[in-house]
Amino acid sequence: MAFGELLRRFRGEAELTQAALAERSGVGMESIRSLEAGRRRNPRAETVRLLADALGLAGTERAAFTTAATHVPRELPADIQDFTGRVDEVRRLVSALESPGITVITGPAGSGKTALAIHAANQVDFPAGQLFVKAGRVTAGRGTLVVLDDATDAKQVPSATAAAMIVTSREPLTEVAADNRIVLGGLPTPDALRLLQRIAGVDRWRTDAAATLEVIELCDGRPAALRRAAARLVGRPSWSPVDLAGWLSAEQRRLVGAR
C-alpha cells in the first residue's frame, strides 16, 4: 500500500481529522493533505517519525508505515509484447537473477540483448527496486536489480555488486568477472518465423515459403531486423514476401555500395 493510503487509513482508525493530526504531530496540514493525495511521495524521515508518533503506531504497523515512505525505484521498462523464442536463455537468466552477481549478455546489434534482459527481469521480484541505466558506474544493495545497458568496455562495469546485475554489450567484455555469460546470435528459423507471424499475421507468410526464408536470412535472424521487416510488410498491403525479400536485398546492396 502506498504511503498516502496508509496515512489516510491510520488517521481514520485513530479518528483524527487532518487538522487534528497536524496539531498533534506538528506537521503542516497542507503537507498531510499532499501526502494523502499522493502529490508528495517522499516525506522526510523526521516527518514520518512525527506522524507515526502522533498516530500511536508501533510494531508491525509502524514498520509498514516507515517502509511505505521509502521510495523504491521501479525503472525497468515494460516487457516486450512480441518477445519470441530464447527459451533456454530466459531460463538461464531467470535462474541467475535469483542471487546477487553479474550476468553479461553479448551479441551483435539487433540480436535482442536488451529485450532478453527486460523479458527475464520482469519475471523476477526485486523488493528493493530496479534500476535501468545506460552504461556507466552504478552500485546498489541486496534485493536490487541493475540492468546496465550497452556497455562498451569493462571499465563501465562495477567489479563487484551486492545486487543482481545484467550487463548488455556488443563487446565480449572478457575482462568482466561475470558469474554468468549469455552470447546471442540470430534467432533459429522456427522462432524467427513465429516472430514474423506475430507481427504481420500468419497468412502473409504462407504465400511463398522460400521468400519467407530468404527474408529471415537477409535479416540474419536478428529480432530487431525481423521486426522492421515485418512492420514494412504490414504497412504495404499489396506486398508479398517476394516483394519484401527483393527490397531487403536491394537495401543491403545499397548499404554495401555506400561504404
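## Basis

The model is predicted, so local features need pLDDT of at least 70 and side-chain atom pairs count only at pLDDT 80 or more, while totals for chains, interfaces and linings use all residues. Residues are numbered from 1 along each chain as its sequence is written, and side-chain values use heavy atoms, with hydrogens and water left out.

Helices (H or I, at least four residues) and strands (E, at least two) are DSSP runs, numbered from the N terminus.

## Contact of H1 with H3

Helix H1 (residues 3-13) packs against helix H3 (residues 29-37) at an angle of about 115°, and their axes are 6 Å apart. Axes here are lines fitted to C-alpha atoms, for helices over the stretch in contact, and angles run from 0 to 180 degrees between N-to-C directions. On the H1 side the contact is made by Phe 3, Gly 4, Leu 7, Arg 8 and Arg 11, and on the H3 side by Ile 32, Leu 35 and Glu 36; contact means heavy atoms within 4.5 Å.

By class, this contact has 4 nonpolar, 1 polar and 3 charged residues. Ala, Val, Leu, Ile, Met, Phe, Trp, Tyr, Cys and Pro count as nonpolar, Asp, Glu, Lys and Arg as charged, and the others, Gly among them, as polar.

## Aromatic rings

The whole structure holds 2 aromatic pairs. Rings of Phe, Tyr and Trp (its six-membered ring) pair if their centres lie within 6.5 Å; planes under 30 degrees apart count as stacked, over 60 as edge-to-face and the rest as tilted. The pair of Phe 3 and Phe 65 is tilted, because the ring centres are 4.7 Å apart and the planes lie at 40°. Phe 3 is in helix H1 and Phe 65 in helix H5 (residues 59-68), so that the pair links distant parts of the chain, 62 residues apart.

Both Phe 3 and Phe 65 are buried, where buried means under 20% relative accessible area, exposed over 50% and partly exposed in between (1.4 Å probe, protein chains only). Phe 3, Phe 10 and Phe 65 form one aromatic cluster.

## The cavity

Rolling a probe the size of a water molecule over the atoms shows where empty space is left. On a 1 Å grid over the protein atoms alone, a cavity is a set of points where a 1.4 Å probe fits but cannot get out, and a pocket is an open set with protein on both sides within 12 Å along at least five of seven lines; lining residues have an atom within 4 Å of a point. Grid points are joined across faces, edges and corners, and a volume is the space filled by probe spheres set on the points.

The search of the whole structure finds 1 cavity of 30 Å³ or more, and the largest cavity has a volume of about 70 Å³. Its lining consists of Phe 83, Thr 84, Arg 86, Ser 111, Gly 112, Ala 115, Leu 116, Leu 187, Leu 195, Pro 223 and Arg 227. Helix H7 (113-121) and helix H10 (223-234) are the elements that give two or more residues to this lining. The lining residues divide into 6 nonpolar, 3 polar and 2 charged.

## Two pockets

The largest pocket has a volume of about 410 Å³. Of its 18 lining residues, Ala 225, Arg 228, Leu 248, Gln 252 and Leu 255 lie nearest its centre. H10 and helix H11 (241-258) each supply at least two residues, and H11 gives the most, with 6 residues. The lining of the largest pocket has 10 nonpolar, 2 polar and 6 charged residues.

The second largest pocket has a volume of about 260 Å³. It is lined by 14 residues, with Ala 2, Phe 3, Gly 4, Arg 41 and Ala 68 nearest its centre. H1 and H3 each supply at least two of the lining residues, and the largest share, 3 residues, comes from H1. By class, the lining of the second largest pocket divides into 5 nonpolar, 5 polar and 4 charged residues.

## Loop residues

Most residues other than glycine have a negative phi. Arg 86, which is not a glycine, has a positive phi of about 60°. Arg 86 lies in the loop between H5 and helix H6 (87-96) and is buried, with a relative accessible area of 9%. Arg 86 is also one of the residues that line the largest cavity.

Leu 173 has a positive phi near 50°. Leu 173 is in the loop between S4 and S5 and is buried, at 6% relative accessible area. Glu 175 is in the loop between strand S4 (164-169) and strand S5 (180-183), and counts as exposed at 71% relative accessibility. The C-alpha atoms of Glu 175 and Asp 153 are separated by 8.5 Å, with the two residues 22 residues apart along the chain.
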